[in-house]
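Hi,

Here is the structure I said I would pass on to you. Have a look at it first, and my notes come after it.

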Amino acid sequence: MCVKVMLADDHILMREGIRQLLEFDGSIEVVEEANDGEECLTKLRKAKPDVLLLDINMPKKNGIEVLEEIKKEKIDVKVLILTVHNEIEYLIRAIDIGVDGYILKDSESSELKKAIHMLMKGENYIQPNLIPALNHRLIVRDSDRDKIESLTKRELEVLIQVANGMFNKEIASALHISERTVKNHISNIFKKIDVSDRTQAAVFAIKNDLIKLY
């Protein structure tokens with residue numbers, strides 16, 4: 001049975017190269033291509049491929065946003081992210097949303113085909129050399145969750161304000177508490193999340209999605 005694949009990547013040469021690699025032995029057919037995230041969603045609904053090869057860096061909607069929309073609309077397609085990004089945070093985000101597979105563009109064609117066929121069997125596929133870092137990050141994230149849960153509601157509010165770059169006086173005014181109380185909260189926060197300064201606290205908050213960067 002020929003696997004129907006759709007390619008979503010804003011580089012035409014990349015799509016042409018992938019198409020040739022995938023269709024070489026006749027087991028895979030590329031049925032549609034898209035140049036950006038919005039075009040991907042529009043064409044995906046009509047083409048109904050078995051597998052979507054999805055790049056992360058695309059105009060209009062990036063791959064993560066496309067993946068979120070696919071899950072929101074419950075579109076019946078296996079999603080395999082094919083990207084240059086080996087940063088574990090991208091992989092973690094994709095897994096949290098519900099991606100079926102994640103592979104890097106420097107992979108061999110045989111590994112890409114293997115990933116596609118594994119997805120068709122109902123299995124997930126994560127590029128093997130990413131798994132150790134993924135496991136480490138998941139362990140760290142579990143530890144961070146415990147730290148976050150140890151914070152009181154007020155301490156969490158103060159941490160978010162600190163991460164947003166606010167000074168003690170501004171935090172006190174925003175939360176209608178004294179500066180001394182803010183200092184006490186910050187001291188407790190630093191101990192609970194195991195950091196020594198405001199910058200480290202801000203990094204902790206950003207890393208754990210307590211605030212969003214725009």
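First, the ground rules. This is a predicted model, in which local features need pLDDT of at least 70 and side-chain atom pairs count only at pLDDT 80 or more, while totals for chains, interfaces and linings use all residues. Residues are numbered from 1 along each chain as its sequence is written, and side-chain values use heavy atoms, with hydrogens and water left out.

The sheet is open and has 6 strands in the order S2-S1-S3-S4-S5-S6, with parallel pairing. Helices (H or I, at least four residues) and strands (E, at least two) are DSSP runs, numbered from the N terminus, and two strands pair if DSSP finds at least two bridges between them. Strand S2 (28–34) and strand S6 (125–126) are at the edges with a single partner strand each, so one side of each has no neighbour in the sheet. Further in, strand S1 (residues 3–8) runs parallel to strand S3 (residues 51–54), and 4 bridges join them. Ala8 has Leu54 as its bridge partner in S3.

Helix H2 (residues 37–47) packs on this sheet and touches S1, S2 and S3, its direction making about 135° with that of S2. Contact here means heavy atoms within 4.5 Å; axes are lines fitted to C-alpha atoms, for helices over the stretch in contact, and angles run from 0 to 180 degrees between N-to-C directions.

H2 also meets helix H3 (residues 63–73): their axes come within 10 Å and cross at roughly 30°. That makes the two helices roughly parallel (the label for angles under 35 degrees; 65 to 115 counts as roughly perpendicular). Gly37, Cys40, Leu41, Leu44 and Arg45 of H2 make the contact with Val66, Glu69, Ile70 and Glu73 of H3.

Helix H8 (residues 168–175) and helix H9 (residues 179–193) pack at about 105°, their axes 8 Å apart, which means that H8 is roughly perpendicular to H9. On the H8 side the contact involves Asn168, Lys169, Ile171 and Ala172, and on the H9 side Glu179, Val182, Lys183 and Ile186.

Finally, the structure holds 15 salt bridges (a side-chain nitrogen of Lys or Arg within 4 Å of a carboxyl oxygen of Asp or Glu). One of them joins Lys105 and Asp9 at 2.6 Å, N to O. Lys105 is in the loop between strand S5 (101–104) and helix H5 (109–120), and Asp9 is in the loop between S1 and helix H1 (12–23), so the pair ties together parts 96 residues apart in sequence.

Best wishes

Methods: Angles under 35 degrees count as roughly parallel, over 145 as roughly antiparallel, 65 to 115 as roughly perpendicular and the rest as oblique.
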